[in-house]
Amino acid sequence: MAPKAAKASAGNARPRQIRWAQRWRGWRRHHSQSAADSLAKVLQQPVSSAMTWLVIGIAIALPTGLWVVLDNLSQLSGQLDRPAQLSVFLQMDAQAQDARSLALTLAQRDDIHSATFIDRDQALTEFVQRSGMGELAQGLAENPLPHLLLIDPVAASPDTLAALRGELEALPEVQEALLDTLWLQRLQSLMTLGRRAVQLLAALLLAAVVLVLGNTIRLAIESRRDEIVIVKLVGGTDAFVRRPLLYTGLWFGLGGGVVAAILVALGTLLLAAPVNALSGAYQSSFMLQGLGLVNSLQLVLLGALLGLAGAWLAVARHLKAIEPR
Amino acid sequence: MISFERVSKRYDNSHDALREVSFSIDQEELVFLTGHSGAGKSTLLRLIMLMERPSRGRVVVAGADLGKFRRGSIPRHRQSIGVVFQNHKLLMDRPVFDNVALPLQIAGFEYRDINRRVNAALDKVGLLDRVQAMPLSLSGGEQQRVGIARAVVGRPSILLADEPTGNLDPELSAEIMQLFVDFSRVGVTVLIASHDLALISRLRHRILTLKEGRLVSPAISIDGA
């Protein structure tokens, strides 16, 4: 309390004359301190924080999970694309020799992977064996089946397949070329519909996440009202007041993103065994694909961004209203 | 350093808190502001801190017309002023150190400097041994001294105090007033609102008296009246 002590502190550097490098380090320190403080505040109330994380996690996991399912379905249908064969029925009077050479010619084409010739007699024998309708076949005067070429095309898109079908049907030896793409088209439009529905759901749920976080931060602002007033009274800028609140939003969003990634991973894990058993039963090599590490990290990042967005929304709306009175 | 030019402040309920107040305070001057409660002491301090805007007139602080300050530049203005509040206004969930460090943090000081300056400020108010104490564990006088340490830690050019000795016993009050006198001696402009006439008249500094929003004893007014 001696005047000498007072003299030592007054006079020289005033706050506004701080060098930029120093100010930068102070700024960074306030960032790390705000981050640590708000994390500590979030962890101080483990139950209510966990609830918030779960709400956000579920809201993010729901559309993500559906997206994973759709993604797997489209991979599955991609695998089904391959056996999309063209069945080329030849004229009834076509000879086996001509049919065989036509198969060889067609197999040379770039857009055809392979062409298999199926003899009409062989086809009838197979039909009799498989269907067990031998008596019916014996009653027939002659073999009603034409020679058949099974074409395995290279092309994948429905348009090119249709074009190929038209070309084949135009050949003089060919009576009819059939391409069963209708079910594929239906599946694809169903998938498009599914994707659109998931996008809509995702947009709604993400908006909900932002609002939930905004409300959480609004409560945080209310509970820190006195502190905000004091900080403003001693010259705290808006950015200074905002910083810990934005970090609070970041932590809630980040935690929610982690919960979402865990939920999706758990769901994938639970579904993997039955799906693999199912695809084994169909002799398919299909395996359920989860999110993977990179996508899971993106999910966490998304959560963090939503948290920041929610906090920003709340801060922009409510912070200006708190002024020292 | 601080000058009021015919400043009036009328609140929404048509109550005139200040009427045509004019005075000016030089650097290194310590001035007391007194008057009954409701006479306009707090309003006057709030105008200097830009917590309020005058209805009429001009307030000039450190050469800057406060009427020209936009909302965004208020924080910087407040950073240059140290304020001691009547009800302390401490962060109750933070230790003494954090409370005193707050203005330095806001100004962007490094931790090393903050540490040094906070300790120096607490040493000055005699609370160096309570650095890590929580405000609630301190007595009223100690809390007030934490508030003073926070007000001076950023080495402001202007120090305002609103009833700084409000609930303190006479001995402690005299001690705290002596602190303010020390600050004014090292170049700080000090303005103290207090109704403790007995105490402030002993200290022989200029006294501004407000009565129903008017200045009744302007020792030096800018129009020389």
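A salt bridge is a side-chain nitrogen of Lys or Arg within 4 Å of a carboxyl oxygen of Asp or Glu. Keep that in mind for the first stop. The model is predicted: local features need pLDDT of at least 70, side-chain atom pairs count only at pLDDT 80 or more, and totals for chains, interfaces and linings use all residues. Residues are numbered from 1 along each chain as its sequence is written, chains are lettered from A and ligands numbered from 1 in the order in which they are written, and side-chain values use heavy atoms, with hydrogens and water left out.

**Stop 1: where the chains meet**

Show chain A and chain B together. Five salt bridges link chain B and chain A. Over all chains, the structure holds 24 salt bridges.

Select B:Glu110 and A:Arg25. Their side chains form a salt bridge at 2.9 Å, N to O. B:Glu110 sits in the loop between H3 and H4 of chain B and A:Arg25 in helix H2 (residues 20–44) of chain A, so this pair joins two chains. Helices (H or I, at least four residues) and strands (E, at least two) are DSSP runs, numbered from the N terminus.

Now pick B:Asp93 and A:Lys41. Here is another salt bridge, at 4.0 Å, N to O. Polar contacts between chain B and chain A come to seven residue pairs, both residues at pLDDT 80 or more. Such a contact is a pair of N or O atoms within 3.5 Å; within protein, one must be able to donate a hydrogen and the other to accept it, and residues adjacent in sequence count only if both atoms are side-chain atoms.

Colour the side of chain B that touches chain A. Elements giving two or more residues to it include helix H3 (96–107) and helix H4 (111–124) of chain B.

**Stop 2: the extent of the contact**

Contact means heavy atoms within 4.5 Å. By that rule, 38 residues come from chain B and 39 residues from chain A. The area buried between the two chains is about 3,700 Å², and carbon and sulfur atoms give 56% of it. Buried area is the accessible area (1.4 Å probe) that two parts lose on being put together, summed over both.

Select B:Arg71, B:Lys124 and B:Arg155. These supply 17% of the area that chain B buries against chain A, more than any other three residues. Stay on B:Arg155. Its place is the loop between H5 and strand S7 (158–162) of chain B. B:Arg155 has a positive phi of about 50 degrees, although it is not a glycine.

**Stop 3: a sheet in chain B**

Find the open sheet of six strands, in the order S6-S7-S8-S3-S9-S10 (chain B), with mixed pairing. Its edge strands are S6 (81–84) and S10 (214–215) of chain B, each pairing on one side only. Two strands pair if DSSP finds at least two bridges between them.

Select residues 30–34 and 206–211 of chain B. These are strands S3 and S9, parallel over four bridges. B:Val31 stands opposite B:Arg206 in S9(B).

**Stop 4: a hairpin**

Which residue takes a positive phi in the hairpin of S4(B) and S5(B)? Select B:Ala62: phi is near 50 degrees there, and two residues lie between the strands. S4(B) and S5(B) are antiparallel over two bridges. B:Val60 stands opposite B:Asp65 in S5(B).

Next, show strand S1 (residues 2–10) of chain B. Five bridges join S1 to S4(B), and the two run antiparallel. B:Ile2 stands opposite B:Val61 in S4(B).
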